[in-house]
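The following exercises ask the reader to work from a sequence and a three-dimensional structure towards a description of the fold. Each task is followed by a solution in steps.

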Amino acid sequence: MIPVIEVTRLSKRFGDFQAVRDLSFTVNKGDVYGFLGQNGAGKSTTIRMLLTLIRPSSGSIVIEGENLFTHREKILQHTGAMIEKPDLYDYLTAAENLTVFARLSGFKPTRKLIMEKLEMVGLTSRAGSKIKTFSQGMKQRLGIAVAMVHDPSLIILDEPTNGLDPQGIADIRKLIISLSRDFGKTLLVSSHLLGEMEQMATRMIIIHQGAKIVEGEIKDLLDPEHVILEIFAVNNDLCRQWLNTSAWSDKLQFSETAVSVVKIHRSEIPEITREMVMAGIDILSVKPKNTLEEYFLSLTKQVPDVEPR
Amino acid sequence: MWNLVSLELFKIFRKPRTYIAFAAISAIIGLIQLGFYVDGEAYIKFGMQALSDNFDIEGKVLNGYLLAYIILQTLLIHVPLLIALVAGDMISGEANMGTLRLLVSKPVSRDKLISAKLIASCIYTIMLLIWMAICALFLSILIFGTDDLIIMKSEQVTQILEADSLWRYFAAFGFAALAMITVASLAFFLSIFSENSIGPIIACMSIVIVFTIMNTLNLPIFNQVKPFLFTSHMLAWKGFFDVKINADNEQIIGSIENINAVMKSAGILLIYIVGFWLASIVVFRRKDILS
């Protein structure tokens with residue numbers, strides 16, 4: 001596995017508000033990496049940092065082995081992105097928008113190439129139409145074409161299916177899978193819809209309030225034999241400390257003031273509980289979550305708000 | 001760099017608002033020309049009344065050169081608004097449209113991006129001034145013909161020979177371009193701070209108006225800062241129409257009475273332009289793109 005994006009202890013603070021906290025994750029070559037979290041979880045802030053739109057408060061981003069902030073232009077030459085809404089120049093046509101953004105990427109596109117990209121997103125017939133006449137779904141598809149126009153090896157798509165109808169969502173999903181499988185592209189796709197991610201991502205991270213909750217391969221995360229275990233203790237610092245030195249230290253996914261999360265095999269639940277009690281940890285509750293969906297939904301309801309550091 | 005500048009120019013000239021300034025200038029100049037074509041002789045007669053009593057004035061006083069001078073004097077006060085319309089929209093317009101984040105995520109350094117946008121704004125300003133010169137000077141010459149240029153000031157009358165007039169207009173329009181680029185740079189700088197173009201346009205015009213008022217008021221407190229205000233130097237183009245005279249009280253053709261003052265004003269405007277450009281780079285480098 002060749003790492004394409006390596007994010008280490010990334011944080012971003014806006015005044016008193018901590019948007020991203022100590023976030024670390026790795027995207028490997030050929031991955032369709034799902035970046036999941038509720039609205040306001042910190043997905044877009046992280047993506048903006050990956051695209052140098054925002055400077056991190058701390059932490060590092062390495063893309064294809066090079067520091068993003070010291071090799072910015074070289075890295076961005078191989079990166080395509082659609083950030084949040086697909087806002088484009090509404091007074092230009094679809095083909096003109098593609099040409100402008102291709103040339104900004106240092107690439108001189110031919111008419112044939114522009115038409116190919118438009119065909120890929122089903123907009124060939126609207127090549128000469130101004131963007132202001134486009135529906136939200138059409139803009140979304142054109143935004144994806146803009147991200148791909150200079151043939152980047154890394155594509156970052158922020159909520160790419162927003163505003164699309166079911167057929168549009170299916171088409172984009174097919175396109176994303178094909179870009180990874182047939183063209184060897186690496187994709188980081190953010191979404192707040194777990195069901196959507198399950199269908200296209202190979203690996204996934206869930207973030208909440210700017211921090212990582214869980215990361216892993218989809219097949220592992222959805223493995224019925226493994227459960228995501230939420231442990232609430234009277235003193236969670238002690239619980240976390242113990243988990244870090246226990247046999248389950250590598251299973252610890254997330255730990256905050258009130259809760260620790262581990263991903264373990266179902267059969268290990270009694271053992272971990274017993275060991276914690278024996279270690280003198282006062283446990284309030286131990287809740288196994290069977291599916292990622294259930295966990296994701298419960299998480300947003302149950303995890304108390306974390307105070308900014 | 002040229003690739004970036006050409007892309008910015010392409011975007012500027014595809015925007016409908018760009019042509020508002022060209023249309024407005026054409027309309028205003030057309031209106032002034034029409035007015036002078038119909039009633040100009042009476043207007044000039046009235047204006048020259050004091051002179052006619054003591055002097056015999058021959059030739060065509062109302063000519064293309066005089067009209068161009070009147071237009072320049074009138075329009076250069078209002079053109080900053082038209083310049084700010086485009087320059088004030090360069091960054092804030094992109095932020096408002098949501099395209100700024102896409103633009104900044106491209107493999108182009110922020111310094112180059114800002115510089116290319118500012119250069120494009122300057123080219124737009126120069127094109128507007130060229131258009132103004134075509135309408136105000138060449139069209140007026142075509143309609144009203146040429147003769148000596150007579151300029152009446154509060155305490156003196158300057159007569160510039162016909163053969164000595166045209167180059168002064170080229171110089172005046174060149175200087176006016178520098179003055180308008182200063183306004184464009186200010187509007188551009190302000191546009192970095194805003195996510196809609198109305199703010200920078202209004203802020204730019206407010207600064208121009210406040211500085212102009214300070215220039216007009218003859219108060220000691222303002223007199224101290226006047227030499228440093230860019231608005232004090234924007235009208236220095238008039239210096240090109242002050243002609244040196246020799247010991248025999250004759251005009252020296254091709255001369256400028258106080259070239260040093262004109263050059264000093266040009267230098268101060270240049271310092272402002274470079275200052276706004278550098279400030280734009282510094283601010284934009286550190287800016288988090290949240291739009």
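The structure is a predicted model.

**Exercise 1. The overall form of chain B**

Task: Determine how many helices and strands chain B has, and decide why its radius of gyration agrees or disagrees with that of a compact globule.

Solution.
Step 1. Chain B contains 13 helices and 2 strands.
Step 2. A compact globule of 291 residues would have a radius of gyration near 19 Å; chain B has 21 Å, and therefore the two agree.
Step 3. The C-alpha trace of chain B spans about 70 × 40 × 30 Å along its principal axes.
Step 4. Of the 291 residues in chain B, 39% are buried.
Step 5. Consider the contacts in chain B between residues at least 6 apart in sequence: 75% of them join residues at least 24 apart.

**Exercise 2. The open sheet of chain A**

Task: State in which order the strands of the open sheet in chain A are arranged, and identify which strands are the edge strands.

Solution.
Step 1. The sheet is open and has 6 strands in the order E6-E7-E8-E3-E9-E10 (chain A), with mixed pairing.
Step 2. E6 and strand E10 (211-217) of chain A are the edge strands, as each pairs on one side only.
Step 3. On average, and ignoring direction, neighbouring strands of this sheet are turned by 15 degrees against each other.
Step 4. Two helices may now be placed on the sheet. Helix H1 (residues 43-50) of chain A packs there and touches E3, E7, E8 and strand E9 (203-208) of chain A. The direction of H1(A) makes about 150 degrees with that of E7(A).
Step 5. H5(A) also packs on the sheet, where it touches E6 and E7 of chain A; the direction of H5(A) makes about 165 degrees with that of E6(A).

**Exercise 3. Strand E7 and its partners**

Task: Decide whether strand E7 of chain A is mostly covered or uncovered, and describe how E7(A) pairs with E8(A).

Solution.
Step 1. Strand E7 (residues 154-158) of chain A is mostly covered, since 5 of its 5 residues are buried.
Step 2. Leu154(A), Ile156(A) and Asp158(A) point one way from E7(A), and Ile155(A) and Leu157(A) point the other way.
Step 3. In general, strands of a sheet pair through backbone hydrogen bonds, either parallel or antiparallel.
Step 4. Strand E6 (residues 79-82) of chain A pairs with E7(A) in the parallel sense over 4 bridges, and Thr79(A) has Leu154(A) as its bridge partner.
Step 5. Strand E8 (residues 186-191) of chain A pairs with E7(A) in the parallel sense over 5 bridges. Here Leu157(A) stands opposite Val189(A).
Step 6. E8(A) is joined in turn by 5 bridges to strand E3 (residues 32-36) of chain A, and the two run parallel. Val32(A) has Leu187(A) in E8(A) as its bridge partner.
Step 7. E7(A), helix H6 (residues 166-181) of chain A and E8(A) make a right-handed β-α-β unit.

**Exercise 4. Helix H3 and the contact between the chains**

Task: Find how many residues of helix H3 of chain A are buried, and name what they pack against.

Solution.
Step 1. Helix H3 (residues 94-104) of chain A has 10 buried residues out of 11 and is mostly covered. Among them are Glu96(A), Asn97(A), Phe101(A) and Leu104(A).
Step 2. These buried residues pack against helix H4 (111-120) and helix H5 (136-148) of chain A, together with H1 and H7 of chain B.
Step 3. Gly106(A) follows H3(A) and has a positive phi, near 75 degrees.
Step 4. The contact between the chains takes 24 residues from chain A and 19 residues from chain B. On the side of chain B that touches chain A, helix H1 (2-14) and helix H7 (100-104) are the elements that give two or more residues.
Step 5. The residues on that side of chain B divide into 8 nonpolar, 5 polar and 6 charged.

**Exercise 5. Two residues compared with the cut-offs**

Task: Classify Ala233(A) and Tyr37(B) as buried, partly exposed or exposed.

Solution.
Step 1. A residue is buried with 20 or more other C-beta atoms within 10 Å, and exposed with 12 or fewer.
Step 2. Ala233(A), in strand E11 (residues 226-233) of chain A, has 21 C-beta neighbours inside 10 Å and therefore counts as buried.
Step 3. Tyr37(B), in helix H2 (residues 18-47) of chain B, has 14 other C-beta atoms within 10 Å, so Tyr37(B) is partly exposed.

Technical notes
Residues are numbered from 1 along each chain as its sequence is written. Chains are lettered from A and ligands numbered from 1 in the order in which they are written. This is a predicted model: local features need pLDDT of at least 70, side-chain atom pairs count only at pLDDT 80 or more; totals for chains, interfaces and linings use all residues. The radius of gyration is taken over C-alpha atoms; the globule rule is 2.2 Å times the number of residues to the power 0.38. Two residues are in contact if their C-beta atoms, placed from the backbone, lie within 7 Å. Two strands pair if DSSP finds at least two bridges between them. A crossover is right-handed if, with the strands pointing away from the viewer, the path from the first strand over the helix to the second runs clockwise. Ala, Val, Leu, Ile, Met, Phe, Trp, Tyr, Cys and Pro count as nonpolar, Asp, Glu, Lys and Arg as charged, and the others, Gly among them, as polar. Axes are lines fitted to C-alpha atoms, for helices over the stretch in contact, and angles run from 0 to 180 degrees between N-to-C directions.
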